[in-house]
Amino acid sequence: MGLVSWLIAMPFLTMVAVVLVPQKHWRAIRWISVVGTGIGLLLTAYITYRYWIEARNDVDFLRTATLTKLYLVERVPWFEALGIQYFVGIDGISVSMVILTSIIIFCGVLASWNVETRTKEFFALLLLLVTGVFGVFLSYDLFLFFMFYELAVLPMYLLIGIWGTGPKEYAAMKLTLMLLVGSAFVLVGFLALYHASGLNTFDLQALASIHYSDRFQWWFFPMIFVGFGVIGALFPFHTWSPDGHSSAPTAVSMLHAGVLMKLGGYGALRIAVYVLPEGAKAWALFFMALTTINILYGSFGAIMQRDLKYFTAYSSVSHCGFVLFGVAALNLMGFKGAVLQMFSHGIMTGLFFGLIGMVYGRTHTRVIPEMGGLAKVMPWLATCFYIAGLASLGLPGLSGFVAETHVFLGGFFGNPWSNTIATRVLTIVATLSIVVTAVYVLRGLAMVFQGPINDPHFEELRDATLTEKLSTGVLVATLLFVGMLPWLIINLIEPSLYPFINRLNGVAGNVVAGL
Amino acid sequence: MQHAWLIPALPLISFAVTGLFISPMSKRAAGVVATLSIVAAAVCAYALAWEYFTAYPAGHDHPALVPWSYEWLRYQPGLTVNVGVLVDPISVLLMIVVTTVSALVHIYSNAYMHGEYGFGRYFTFLNLFTFSMLGLVVAPNIIQMYVCWELVGVSSFLLIGFYYSKPSAVAASKKAFIVTRFADLGFLVGVILLSYWGFKLYPDWTTQVGAAQNGLSHVQPVDFAYLNHPAFLEQFAGLGATFIGINLLTLAMVLVYMGAAGKSAMFPLHIWLPDAMEGPTPVSALIHAATMVVAGVYLVARLFPAFAFSGTALMVVACVGAFTSLFAAVIGTTQDDIKRVLAFSTLSQLGYMMLALGVSTADHAMGYTASMFHLFTHAFFKALLFLGAGAVIHAVHTNSIWEMGGLRKKMPITHITFLIATLAISGIWPFAGFFSKDEILASALGNGHTFIFGVAMLVAGLTAFYMFRIYFVTFWGPHRTHGADHAHEAPALMWMPMAFLAILSAVTGFVPMGQYVSMGEHEAHHGVNLAIAIPATLVALLGIGVAAFLYIGDGSRATTLAARLGVIYQAIKQKFYFDELYLFVTHKIIFRNIARPIAWFDKKVVDGGVDASGWITRTSGLLLSYLQTGQVQTYGLWFTGGIAFVVLVLWAALV
């Protein structure tokens, strides 16, 4: 078993270990989970290092390549008759997403330190979900990809339905059904690619070497893009997100908003744009307009929310809009911005949801106007909250700025296949969000943390515990790290994006297939 | 000069160390470490200035050097942001101003903030601010400028909201951030435009003019050296591309100016600055008077060649500046809160600096020098005014001038220093303000802007009037309250920085600024132009005289006058109702008519659609389930009926 397989297996093995421990030792369960995800984190660091050692020599090669180069590849035939194989590997986009996932799950486990009901099942499902997420980011066989994708979505139903709060059954049902509708679109798209190519394979690299007919691309690009868009909170398919996030328990919201929503942006870029570049050219402007709505709609929607989780969920809708906006910009800066925004938003929103859980655990309310002055009793949590909030409004020095400026510049620079005036106008409209975001972030945070303390009970609340400090500290450090030394992560991502650009500019493959 | 990076780096390191380690351990130590780091930065800044002006003495060419830079962010090949340190006359000037005032304010704050809750946090934020401001000053490219621009914004936000359990402070900090953020939207779009066309025109420019030939071989499209270069500007302005009839260069510059206007609180984005006085007074002195608010002026000065190339943009700068200086001076005559009067005076003086830049042209850029000169002198006397006000507030525990009075005997040092600063701002010889103001007036008249000159003259009179109004009310007359009666002189840690600033306010006017800071041709420091200086001094003396007439004594004359003016007085006192207007726009229009409908639309329409599809699925399932009765008779009935129907259809079709 290679490194990449170990990384996918790590949460699964931890899950097995968790399942074997009886519930009465629930304290041991969380320690096992921490150790397991901690090992995953170290493994990720090592894989990143290995990737960088091997990939840095290929930068010049990738400048002209039309297929992305994979590293640490493992390929084992599975159902040979159908052309399904176990095909995993890593490239710059995957590696950034894997780092994100490892950090979020580690912090998520720490943030779930106090789950006492059915601890075993909770951690088992959480780890199963993460196995799915790692699988999606690392597989290059569409069948395997889809399998992992479903594995990542389904445990969510139980996690929200059982450990959630509020109208949890409704939220769980809605979330699962909507995401399944999305994955149905994706599945149809995958099968269409499989049949149209005539290669009898689900190998993404092989499928990408075919040039599909323009008509085929025109039909199936939006299908796959929207299919992934559902989980990436594309307007108007985003409504699962506010309800789902607010009902989910802390770690699940962290993972869901932090990582699962990224599957959407990742799939849209990795599969829709990569395999169907002509479709992307035809639809780019449409999706750019739609995601501009996303960005503004989400941020205006957040202003009037009274529940902290709804507030963050709408802000996520806005920020995920940036991801798909960057993808729709169809240029290097846009793609890079999209990947950076996925990373940055993942960390930031993971931090947000983690903190909301911690605050809720103390105040037992998430209603913004009922809180006030909490900075005085919980300075650590307030500081972290402010850092997350500032990252979300794109303050330089934190990761959000790097991602957003890439996306804005990408949108403004535009591409040869969309009307330049239109992309520029859309970009400028989208920049309005920096003001609206400032309005809702500062309003919300001021109501929660500043002003006099409303409720005398709040006077006795305690600041973060050690595990909470560790969990939030790691996330804050990541935000600062990416914000101050952005070139480190950019150097990882950028070379892998060159082939995407080359594919758009040139012609990929010569076999024409499709409708 | 190689070590110029130390100047912004020292406060940054101190910020991290103080915030993370020292402040949680010992509050006093946090204050000391923070202060020492700024003092060290100030020493470095003086050393740099010495070195730079020894290498390039007064009256000679002053090249722009980048002794240190580092690739920070590569947006795409050919569009790279290098963080670095730019050393040229205006950046050296600003470094001196920022480090000096910041060091003095740090020292002062050790006494002023003594015993306050959050003492360590205060110094951490103050360090963050100083770092950001210095980073802004030394920015060699527009992206670093924007980055630090936002960082000064956030440190200002944090410090205005320092007393975070006080609702008014929280509201003021939000307002400051959001208003300046709105302005930064313009700046951001301007930056995007400049980066885009900078990038697009880059190859042409390098081949046509030859970058190496200009000694700019490593220049990036976002660097000021490039953006200000005539070759680029010519191409950019000559693109022929227009937006609603406006030349793109002008459009970009006006957008950038929007950012500058936000930070420098130009009308109509001025509303945040008076409220920003909710922060601790030393913060007002440092950030909202001497340094951060001049960032807008500095930005315009930094891009002066580009602004000058587009004359329209510069005209906008001049008009907005002139209007703001008058508008704010008028409001300043009626305010009762000592810090608010000073805030309006800051607005007015910033308008003055902007006006000076605006009346300049590329060939006759005396206003450029004058503006930087006024920035320099203003920083000292305005910081002094605020620190003096702080000392008074510290002693009397109120901000209202009507609860002070007679303090000149109780607080002699504060009184003398405050008087020096008041004379300086009023433009009385030989204090600093006289020289810089004189130069501004001369440059306005010299470039033929008679109307603007008239406005500036009027403002000079008003300034003298409202400054002496607060001076007389605060320091003369009877003790109006118990607090004023029991006031004590400020401790040494507070009055020493004030004394130092008083010396600077008195002597900095004699600095031959034109020899150091100039644009284009070296114009000799024009000395004192008596034809302008005499009327200006007379106007100032008139202002002082009126203030003395109205406010020495019990102030009943002023009350009578206010009552005579009636509605006009009320309108001025309520700051022409701009706060109310903004409140109406944000709450009644944006929140109520955009945000709330969107939230509703999302809940009812978009989400309703999702729920409706669920409902349709369930209902249709329910309806269909009635067919599954489980009774053989029913099934038989349907079966027979179906057969009959099919037979009928077939029969009809066939016959």
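This is a predicted model: local features need pLDDT of at least 70, side-chain atom pairs count only at pLDDT 80 or more; totals for chains, interfaces and linings use all residues.
## Confidence and overall build

The model as a whole scores ipTM 0.91 and pTM 0.91. Chain B has an average pLDDT of 86, and 95% of its residues score at least 70. One stretch to read with care is residues 210-214 of chain B, where the pLDDT is below 50. Beyond near neighbours in sequence, that stretch has six contacts in the model.

Chain B has 655 residues, of which 56% count as buried. Its secondary structure comes to 28 helices and four strands, and its C-alpha atoms fill a box of roughly 115 × 70 × 55 Å along the principal axes. Among the contacts in chain B with a separation of 6 or more, 79% are between residues 24 or more positions apart.

## Where the two chains meet

On the chain B side, 36 residues are in contact with 41 residues of chain A. Four elements of chain B each supply at least two residues of this side: β1 (65-76), α5 (142-160), α6 (167-209) and α27 (578-625). Which of them gives the most? That is α6(B), with 13 residues.

Sorted by class, the side of chain B that touches chain A has 24 nonpolar, four polar and eight charged residues.

## An enclosed helix

Next, have a look at helix α11 (residues 281-290) of chain B. How many of its residues are buried? The count is 10 of the 10, so α11(B) is largely enclosed by the rest of the structure. The buried residues include Pro282(B), Leu286(B) and His288(B).

Several helices of chain B surround this one in the list of partners. The buried residues of α11(B) pack against α3 (89-112), α4 (119-137), α5, α10 (272-275), α15 (338-358) and α16 (366-396) of chain B. One of these partners, α5, also supplies residues to the side of chain B that touches chain A.

## A pair of packed helices

Two packed helices are described by the angle between their axes and the distance between the axes. In chain B, helix α19 (residues 432-446) and helix α20 (residues 450-475) pack at an angle of about 160 degrees, with their axes 8 Å apart. Because that angle is over 145 degrees, α19(B) is roughly antiparallel to α20(B). Their crossing is left-handed.

From α19(B), the residues Lys437(B), Ile440(B), Leu441(B), Ala444(B) and Leu445(B) take part, meeting Thr450(B), Ile452(B), Phe453(B), Ala456(B), Met457(B) and Ala460(B) of α20(B). This contact divides into nine nonpolar residues, one polar and one charged.

Most residues other than glycine have a negative phi, and most peptide bonds are trans. Pro430(B) lies in the loop between α18 (412-426) and α19 of chain B.

Positive phi values turn up too. Leu72(A), in strand β1 (residues 71-79) of chain A, has a phi of about 50 degrees and is buried, with 20 other C-beta atoms within 10 Å. Ala265(B) has a phi near 55 degrees and is found in the loop between α9 (248-263) and α10 of chain B. Ala265(B) is buried as well, with 28 other C-beta atoms within 10 Å.

Notes. Residues are numbered from 1 along each chain as its sequence is written. Chains are lettered from A and ligands numbered from 1 in the order in which they are written. Two residues are in contact if their C-beta atoms, placed from the backbone, lie within 7 Å. Ala, Val, Leu, Ile, Met, Phe, Trp, Tyr, Cys and Pro count as nonpolar, Asp, Glu, Lys and Arg as charged, and the others, Gly among them, as polar. Axes are lines fitted to C-alpha atoms, for helices over the stretch in contact, and angles run from 0 to 180 degrees between N-to-C directions. Angles under 35 degrees count as roughly parallel, over 145 as roughly antiparallel, 65 to 115 as roughly perpendicular and the rest as oblique. A crossing is left-handed if the near helix is turned anticlockwise from the far one by less than a right angle, and right-handed if clockwise. pLDDT is the predictor's confidence in each residue, from 0 to 100. A residue is buried if 20 or more other C-beta atoms lie within 10 Å of its own, exposed if 12 or fewer, and partly exposed in between; C-beta atoms are placed from the backbone.
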